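Hi everyone, thanks for making time. Let me put the model up and then talk you through it.

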Amino acid sequence: MEYVDAADARHMPGLKLALTVGVPGRWGESAKKVLEYKGIPYVPVAQYASEPNPELVAWTGCRNAPVAVWEDEPPRTNFQDIVALAERLKPEPRLVPLDPDERQLCLGISADICGEGGWGWKRRIIMGQRPRDNEPPDMTNPGLDPKVMKLAYGGSVAEAEIAEPCLAAMLDNFAARLERQRAAGSPYFVGETVTACDIHWACFSALFVPLPHDVNPMPDWLRASYSWLGPVLEQHRHQILLDHRDLMFERHLGLPLDY
Ligand SMILES: N[C@@H](CCC(=O)N[C@@H](CS)C(=O)NCC(=O)O)C(=O)O
């Protein structure tokens with residue numbers, strides 16, 4: 001992917017999206033796939049993992065990614081705000097259902113996947129507590145500033161301990177919902193069409209079982225870190241969660257990933 005520097009991008013018209021260069025950040029990939037699914041063009045802006053990113057901060061007030069800026073409107077950094085912006089810029093194909101019950105379900109599932117305290121956040125807190133029991137040794141990126149990452153996303157040992165049963169319950173819940181949907185004839189989380197939470201799970205399933213290297217070339221340390229579930233979550237490796245991810249990428253989102 002070709003990235004524009006933040007200092008240049010801030011003067012460009014249209015939609016700008018800051019993304020972490022060379023790393024498939026889950027929030028960034030989700031924002032990208034929401035826009036791509038809807039056919040909304042954007043300028044990819046370079047954000048460098050764990051670095052100060054001073055030009056991006058000067059422009060948006062935000063150091064990390066993603067950051068979406070439409071024209072000269074305020075920046076959007078939260079997954080739900082980015083989906084709402086995309087819906088406004090191009091309502092079709094719709095990713096947030098009009099039906100109130102379905103909308104609450106869709107946004108609730110997305111919040112459970114991407115929101116603070118959700119699947120991605122809790123999984124990251126566990127991944128940040130090193131070393132974990134029996135984990136392989138090669139899971140730390142020598143290029144990242146551990147202090148910055150710990151401060152931004154670290155969490156505590158106590159948070160990591162309570163995270164694991166919550167994550168296991170989330171996997172069971174997502175799988176049970178997909179099983180019910182499958183029995184009703186739909187491969188998607190809500191209703192009969194793709195909604196935002198389908199894209200969010202497809203992208204965040206990398207923290208469960210990452211797509212293979214040929215379509216998702218991740219650095220070895222990151223693949224090891226994303227893949228290592230540990231003995232508790234291993235018991236909740238539901239095949240239907242991977243079937244859903246594969247269908248989403250094959251039918252709707254496209255492969256290989258590019259970052
Ligand atoms: N702002 C997002 C979360 C963003 C986020 O966690 N970004 C991480 C992805 S792992 C990131 O940019 N990491 C690289 C860095 O901090 O430099 C939200 O609230 O939905």
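Buried here means under 20% relative accessible area, exposed is over 50%, and partly exposed is in between, with a 1.4 Å probe and protein chains only. So you know what you're looking at, this is a predicted model, where local features need pLDDT of at least 70, side-chain atom pairs count only at pLDDT 80 or more, and totals for chains, interfaces and linings use all residues. Residues are numbered from 1 along each chain as its sequence is written, and side-chain values use heavy atoms, with hydrogens and water left out.

Back to E2, which covers residues 43-47 and is mostly covered, with five of its five residues buried. What does E2 pair with? That's strand E1, residues 15-20, in the parallel sense over five bridges; pairing takes at least two DSSP bridges between the strands. Leu17 stands opposite Pro44 in E2.

Zooming out, the protein has twelve helices and three strands, which are DSSP runs numbered from the N terminus: H or I of at least four residues for helices, E of at least two for strands. The radius of gyration is 18 Å, close to the 18 Å from the globule rule for 259 residues, so the protein is as compact as a globular protein of that length. That's over C-alpha atoms, and the rule is 2.2 Å times the number of residues to the power 0.38. Of the 259 residues, 51% count as buried.
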